[in-house]
Amino acid sequence: MKEKILKGTIFLTAAGILTRIIGFLYRIFLANTLGETELGIYQLVFPVYSICFTLYAAGLQTAVSQLISNPNYKYSKKVIKTGILLSLCVSVSLSGLVFVFSDYISLRFLFAPKTAPLLRILALIFPFCGITSMINGYFYGLREAKVPAITQMVEQLFRVGFVFLIYASHICEFSSKVAVAGLIAGELCSNLYNLISLKRTRQKETGVLKLSTAKIASAIVKQAIPLSGTKLVISLLASLESVLIPIMFMKYGLSHDSSLALYGVITGIVLPFILFPGTITNSLSVLLLPEISKADNENNRNKIQHTTQITIKYSLLLGCMATAVFLNYGTSIGTLFFHSENAGRLLTLLAVICPFIYVSTTLASIINGLSRTHITFRNTVSGLLVRILFLIFITPKYGVYGYLLGLLLSQMIISILDSVYLIRNKYTQIDLGKWLILPAALFTSSIYLFRLMAQKICLSLHIEKDIFLLISIIPAFFVSFYIFHALGLVSRRDFS
């Protein structure tokens, strides 16, 4: 079981890291060609995409994954075919609505009329995203991560390739419309790969041959409705937050263009960089849900406890590593990669959020795998409400610092509430001293010391400082992990 989780995590993580790297280079390209303000306009269409995706894919994908992992539905192509049919019914309807009412949505919901043509292009992608999500859910349920991993890479490569081709060929004026069209190109290609992979899959049908499509659809909808309902509320709140950010920056005193530019830097540069190491925990959480669900169906509490403790520990360790890097090198990263001191300053300020973001993804997946989605819903909504309250009442007075403080506190609240539930119900134990405080102190101090040594070498040899400083992270990590291994905090036995 653990070997399959580890192998699947490695597949998804490798694909995630590759796509994130390509994505960062792509974002740098967009920031330089579109400008921060146009980048902000481009980012504003994603709240609409998020809401629609929740309706036509999010809950259905999770339901398909859980039904496939259930022995009564295992390996059933009927489940995936029914899931695709349900998703298409919803996604095609939403595509038509967003396309027809794009002007109204851009003016009344996003408060940015320039997003209207982007929404009309974006609406075309919904049916293809729905099909891809259902097929990925099928393979996640089988705990076969290879296809979803390759799907990520195909989508990213063709999306970026399409945009670069348009830019280099000068076929039309390069704008955010081309960037949105790139989403369609990438999704079409990944969708084609997914369909071919599904057709080639040969799994023996067991357990559901006597069930009709209507009964399977009923089972999917029964699980998907509460999942979609809770995720829809979360998507609406998150979208409200996204729309409020530039508005509250304007109330603080920034101009409309400056507010959109700062919004573009935060959502298009800083947060993606903060979330980059979280590719590992995101991959792990996707595969963890069906594994926990299966163990829960088998009433195997020992397996649940062991699996949750290992995944939580390494999620926190990863967060501590990221915190140490961004605290010491946030400014250098912003200058080196984005030529933006503002981005570097924000990266440094948000460094301490990493452990809470990464572990909350893992904790939510564990709780959802236990079929306690109402717990993650309650906790996530609590965190989002804190962010929105900080946006409305604190950000107009303190600007971006007020928003960042609300972001940090909300993520801490979500992580604490999720952890308390699992500990109270004896699903896990969390040693904050060994898994959070000690690693954070050790990583941060180690990187700081190696950074000081690297700075002296740079001064004496007159070499490029930023690149050499970043390279000094590597020996700092080796030293830290050697100490962790000596203390017994990390071990190969965790994955055996």
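Which residues do ring pairs link into a cluster? I began with that, working on a predicted model. I found Tyr42, Phe46, Tyr49, Phe53, Tyr56 and Phe126 joined in this way.

**Entry: aromatic pairs**

I counted the aromatic pairs next. The count comes to 12. I picked out phenylalanine 29 and tyrosine 167. Their ring centres lie 5.0 Å apart, and their planes stand at 85°. Planes over 60 degrees apart count as edge-to-face, so this pair is edge-to-face.

I then asked where the two partners sit in the chain. Phenylalanine 29 belongs to helix H1 (residues 2-34). Tyrosine 167 belongs to helix H8 (residues 146-169). The pair links distant parts of the chain, 138 residues apart.

Phenylalanine 29 has 12% relative accessibility. Buried means under 20%, so phenylalanine 29 counts as buried. Tyrosine 167 is partly exposed, at 38% relative accessible area.

Phenylalanine 29 also pairs with phenylalanine 174. I noted 5.6 Å between the ring centres and 70° between the planes, so this pair is edge-to-face. Phenylalanine 174 lies in the loop between H8 and helix H9 (176-200), while phenylalanine 29 is in H1. The pair therefore ties together parts that are 145 residues apart in sequence. Phenylalanine 174 counts as buried, at 17% relative accessibility.

**Entry: the nonpolar core**

I turned to the largest nonpolar core. It holds 130 residues. Which of them touch the most other members? They are Leu30, Ile274 and Phe326. Helix H13 (residues 301-338) does, with 14 residues.

Tyr42 is in the ring cluster, and Phe174 is paired with phenylalanine 29.

**Entry: H15 against H18**

How do H15 and H18 cross? H15 covers residues 354-369, and H18 covers residues 400-424. Their axes come within 9 Å and cross at roughly 35°. The crossing is left-handed.

I listed some of the residues that meet there. From H15 they include Phe356, Ile357, Leu363 and Ile367. From H18 they include Leu408, Met412, Asp418 and Tyr421. I noted the make-up of this contact as 12 nonpolar residues, four polar and one charged.

Note on methods
Residues numbered from 1 in each chain as written. Predicted model: local features only at pLDDT ≥ 70, side-chain atom pairs only at ≥ 80, totals over all residues. Heavy atoms only, no water. Axes fitted to C-alpha atoms, helices over the stretch in contact; angles between N-to-C directions. Helix = DSSP H or I, 4+ residues; strand = E, 2+ residues; numbered from the N terminus. Left-handed = near helix turned anticlockwise from the far one by under 90°. Contact = heavy atoms within 4.5 Å. Nonpolar A, V, L, I, M, F, W, Y, C, P; charged D, E, K, R; others polar. Core = buried A, V, L, I, M, F, W, Y, C linked by side-chain atoms within 4.5 Å. Buried < 20%, exposed > 50% of the residue type's maximum accessible area, 1.4 Å probe, protein only. Phe/Tyr/Trp six-rings, centres within 6.5 Å; stacked < 30°, edge-to-face > 60°.
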